[in-house]
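Please prepare a briefing on selected local features of the structure shown below.

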Number of protein chains: 4
Amino acid sequence: MINIGIIGSGYWGPNLIRNFIAQDQTNVLAVADLAPERLTFVAKHFPSVKDLYVDANQIINSKSIDAVVIATPVSTHYDLANRALDNGKHLLVEKPFVASTSEGRALIEKAKKKKLVIGVDHTFLYTGAVEKMKQLVDSGDVGTPYYFDSVRVNLGLFQHDVNVIWDLAPHDLSIMQYLLPESPATVSATGISHFGNGLENIAYLTVNYSDSLIGHIHVNWLAPVKVRRTLLSGSKRMIIYDDMEPSEKIKVYDRGVDFVKDREDIYDMLVQYRTGDMYAPKLDPTEALSKMVDEFVGAIEGNKAMRSDGVDGLKVVCLLEAAQKSLAGGGVAVEVETV
Amino acid sequence: MINIGIIGSGYWGPNLIRNFIAQDQTNVLAVADLAPERLTFVAKHFPSVKDLYVDANQIINSKSIDAVVIATPVSTHYDLANRALDNGKHLLVEKPFVASTSEGRALIEKAKKKKLVIGVDHTFLYTGAVEKMKQLVDSGDVGTPYYFDSVRVNLGLFQHDVNVIWDLAPHDLSIMQYLLPESPATVSATGISHFGNGLENIAYLTVNYSDSLIGHIHVNWLAPVKVRRTLLSGSKRMIIYDDMEPSEKIKVYDRGVDFVKDREDIYDMLVQYRTGDMYAPKLDPTEALSKMVDEFVGAIEGNKAMRSDGVDGLKVVCLLEAAQKSLAGGGVAVEVETV
Amino acid sequence: MINIGIIGSGYWGPNLIRNFIAQDQTNVLAVADLAPERLTFVAKHFPSVKDLYVDANQIINSKSIDAVVIATPVSTHYDLANRALDNGKHLLVEKPFVASTSEGRALIEKAKKKKLVIGVDHTFLYTGAVEKMKQLVDSGDVGTPYYFDSVRVNLGLFQHDVNVIWDLAPHDLSIMQYLLPESPATVSATGISHFGNGLENIAYLTVNYSDSLIGHIHVNWLAPVKVRRTLLSGSKRMIIYDDMEPSEKIKVYDRGVDFVKDREDIYDMLVQYRTGDMYAPKLDPTEALSKMVDEFVGAIEGNKAMRSDGVDGLKVVCLLEAAQKSLAGGGVAVEVETV
Amino acid sequence: MINIGIIGSGYWGPNLIRNFIAQDQTNVLAVADLAPERLTFVAKHFPSVKDLYVDANQIINSKSIDAVVIATPVSTHYDLANRALDNGKHLLVEKPFVASTSEGRALIEKAKKKKLVIGVDHTFLYTGAVEKMKQLVDSGDVGTPYYFDSVRVNLGLFQHDVNVIWDLAPHDLSIMQYLLPESPATVSATGISHFGNGLENIAYLTVNYSDSLIGHIHVNWLAPVKVRRTLLSGSKRMIIYDDMEPSEKIKVYDRGVDFVKDREDIYDMLVQYRTGDMYAPKLDPTEALSKMVDEFVGAIEGNKAMRSDGVDGLKVVCLLEAAQKSLAGGGVAVEVETV
């Protein structure tokens, strides 16, 4: 059994606790949170968790804990993670991995030396929807990728320690990076902060790959409805991934681009709604987090790297940092660090 | 009766012909098109049109024609329009108005001198949906506007003389300009051309207004489904305008932003789909083009300026030009000419 | 050329006129309507129609007319049709064919003797959607049909000469009859008349076929939104036909019924939204009415019977009559006349 | 504290366990299920439940248990409930309440004598959606109710001890009964059993109230997608309740019926999608089951009857019994027992 300690039990924490309890090879020994009422919540819902701490150090320094899960604000990730590595713990870190690329590089180096696992909780990579997209891209069904366009929009709510890019874009950036075969060259970002706190609540990121591949991400805290909609378009097929759809999250459209020569044909097409057949494949309904927990366990046991390890987490941070710089420069293209 | 000559009878031309025929105070005397098969089409569907010409000059030089409608590729607008003004014709020009701001300024000046009307066919301004949005903004129901975000995406089809910005963005830019009370300061644009012809088929425009207002437009010829979806968000209410919805094109959401203080409240909100009541007002179902034709007639009769006159058309061209420059500069913010 | 006279130019009449004008082998010589303002409408929109009459007899008795199209209230169909046949005209009759099975039998007999064509305007049979469903049933893709369930619901509007069954159900009954391989045995109908005129504005029809096939139709004039949604389910596949969907009218679901043995599997399925892959085939976008007009012309030229000839029209009337009797009997099952 | 024993831990049981654990005034002492693997499931997920039994009698006979929750197949309800009442336990029974009206009457009588509470788990009555509909009906906003039409359709899955009417229709019948101010007079039911076991898997129920009110319910186990869609229409407003909609479950349409006099107006309306404004009120997001558990506790404490007590449960059984008889009689109208 792998003994787990979880630091941070806010919005997402209980999902981590629940899945580590359900995993056959892990034991949740302890949970830490600065807020006593969150510990009361954990005690009530997860009576099997033995130790509840206000002080995260009791987890980091515990002899009996093998792996530490960090689900706290990003500004605290590096320090907690670094000390946990020092104490020989494997790590699973909530997204975004860290607050800067230098922090990320340092942690990866240290983990490598100490042969410890770092996983980053890019949950979406483990959904049936993203797995299906990955398979469609890798099999060549999509053809040459042309663009990745993602909208992630939340309900008029914010009170955060980071801007909307660092809060929401890691989801889209991790999916994009996982699916696309190329490495990003530059990022151009624009955005706005409406509430005088200097934290953007709306942002638009253009990620430039090569001459024939582009990514774009729209993240927004100030919307009337939740939208999570991604278009992935290639030379052969186009995919719409709508995470708000209950039953048809992935739609695959058969035809790509048409070079229509005849004017009349163009007029016909302009009044149509789509071209080609569409199909909506059945997706694996397994909870994404449970698959991630399984991969984390597998990585610790030395079987196989996670699909979202520290390096993947760092790549996302490289994109976030470039976006942040571009935002400061009024949208100018900023080079993305390579990992 | 106002005698109308229509130059260009491609995809949109027949709609113009039909509406000018239906208008009580106008007569469609002549239609010109370089393609004889389009003239055959017009002859069959609009037998009341007397004269069909291959040569547009026969319309421009006709003594009996009072107003010329130009529905040709944008590169030809200036020359046709300029000569029509010289011959004392009123003008209705398809969007985008002209290919450059200097062309637009010259035409507006000449029309002013000769007391001729210039209208630009920004059809969307005349839809029940945009009229309702205008009313909600002007009445203060929306509160202080925070952002305008529009997606206009077409079916994997292109074979055009201009890039996707000049083709599709005029719709969104004209709506945005009509609705928002401020003037745009700068534009940052990114995009890509997939097919080696140097014409972008995907583009993203950020339009920066003041510190608290931003616009963004996503135009794309390479999508599996048609999308026309606009979010207009203010301090009091948020509007979703989905032009593909058959019956509920406009949805108005009651609540704007929340500053939630309590962590538990935030967790609750994160799992909700929306906040506040929504209502979908009944919209005027009158065909937009027929209202535009009525306003064009009214302007000629000296009653009232059109909501889309030459100046409005020019403002859109100023935005297009700035976007084009930003695109060339890798997304750098470019100042928008004032009109 | 086949010379056409059209009697009745109400809601649907102009569509018939337009399509007969567009057909290469037909000529619309005359249109008749009791209401002069409808003739004015026809004159304005279809200037090529030579003769406009208030009196339908001028069409029925015209020497130059080869085929008569009847688009008047159903109570007038028999008399107009009977006299047109007497004068040697081919017939295309708006749905429902006639007001009683005896009227229908008499017309069919007479047409047979005089070798004249009777077509019934069951337009939906000519849509790309119904054609695709027909193909999926006939090819065996659907497997053994299990049920046909259709909802056709209109906007709180009525002022009719017949009840909602005779007004709306002919659409569904004709589609059902066209698709299903069996003949209906009995009909049970229930319904209600809200407005004291004795005409039901809501009705439910159960059409019993054999032991393993059932049909059900819900027609309603009193709904807040238009619904046209049909489920056709078989042992292998299930089809949803939603005519209000702009782009995906037909969805085909891969899996039929499951006999799940294990309780846990059942619990899993209860929380799922669907089973199996779905695909939405591209449909023929040709206007249905133009295909029907083509088949009518083909039938007159002796090539091939229409998919909606007099016999098909009569079969629908048999179902309507049985439904009417069941309604009077409080829902008791009433045998359907065989044709 | 009220000590609870729960008999049956199948699909729905865990939800009951979870909510009774979460309720402040209740304690889940014991759970019984014939299947040992379900008890293992309970042990894992609800470690706070002390006693797990294969034999339900250990709950019924326990001295320390105050209230028994019965979530077993309906055929066992009467016997378990009857003996629990004999032992002085309050009862919460899963829907449908019992297998016959005589069983229901006997239980209600006994509970009355012994001053014990009977609740029936008509969960939907406690949803924010049904609460909002109730409020709109009771306030007069809907006007005189005209019809209630409900479709409840499940995924090609069945292996049940009862037919689809007894399985699914209790939901719709309980909602209908809760919302409508009249008592039902007769029921006409049709249906079919596809799989040779004599249990209908599709059924249609017409519930006749007075001359101006009708109900209809379509229940079906054999569908490609889940549908839960109810129309409630009145003289002033119409409501659509779509339980599959994530964010807009209730839509209220402003206008009811129109008596349009003018033919042209009718033609206009025929091409529209709806009439009047629509609004989608924000609904109470509290879990329905937790509100039901609260009301059950309140009823035991003598505060207030539940909105779904034994009498309500019996009324639903009266409708089910009438439907069953009508089905056997080929759809003939069968009188509904009064309670």
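**Helix 5 of chain C and related features**

Helix 5 of chain C (residues 101-113) has 13 residues and spans 18 Å from its first C-alpha to its last, close to the 18 Å expected at 1.5 Å a residue; the expected span is 1.5 Å times one less than the number of residues. The model is predicted: local features need pLDDT of at least 70, side-chain atom pairs count only at pLDDT 80 or more, and totals for chains, interfaces and linings use all residues; side-chain values use heavy atoms, with hydrogens and water left out. Residues are numbered from 1 along each chain as its sequence is written, and chains are lettered from A and ligands numbered from 1 in the order in which they are written. Helices (H or I, at least four residues) and strands (E, at least two) are DSSP runs numbered from the N terminus.

**Helix 5 of chain C**

- Thr101(C), Glu103(C), Gly104(C), Leu107(C), Ile108(C) and Ala111(C) are buried in this helix, where buried means under 20% relative accessible area, exposed over 50% and partly exposed in between (1.4 Å probe, protein chains only).
- Viewed down the axis of helix 5 of chain C, the buried residues fall within an arc of 155 degrees and so line one face of the helix; the arc is that of the directions from the helix axis to the C-beta atoms.
- An α-helix has 3.6 residues a turn, so residues three or four places apart point the same way.
- The face turned away from the buried side of helix 5 of chain C carries the exposed residues Ser102(C) and Lys113(C).
- Helix 4 (77-86), strand 6 (118-121) and helix 10 (310-328) of chain C pack against the buried residues of helix 5 of chain C, contact meaning heavy atoms within 4.5 Å.
- Lys115(C), which follows helix 5 of chain C, has a positive phi near 55 degrees.

**Helix 6 of chain B**

- The buried residues of helix 6 (residues 128-138) of chain B are Gly128(B), Ala129(B), Val130(B), Lys132(B), Met133(B), Leu136(B) and Val137(B).
- Their cover includes helix 7 (164-179), strand 11 (227-234) and helix 9 (288-300) of chain B.

**Individual residues**

- Val311(B) belongs to helix 10 (residues 310-328) of chain B and counts as partly exposed because its relative accessibility is 31%.
- Val311(B) touches Ile108(B) and Val339(B), residues up to four places away in sequence not being counted.
- Val311(B) and Arg105(B) are 206 residues apart in sequence, yet 8.4 Å apart in space, C-alpha to C-alpha.
- His171(C), in helix 7 (residues 164-179) of chain C, counts as buried because its relative accessibility is 16%.
- Apart from neighbours within four places in sequence, His171(C) is in contact with Lys95(C), Phe124(C) and Arg152(C).
- Leu116(A) lies in the loop between helix 5 (101-113) and strand 6 (118-121) of chain A, and its relative accessibility of 14% is why Leu116(A) counts as buried.
- Residues touched by Leu116(A), not counting those up to four places away in sequence, include Leu85(A), His90(A) and Ala111(A).
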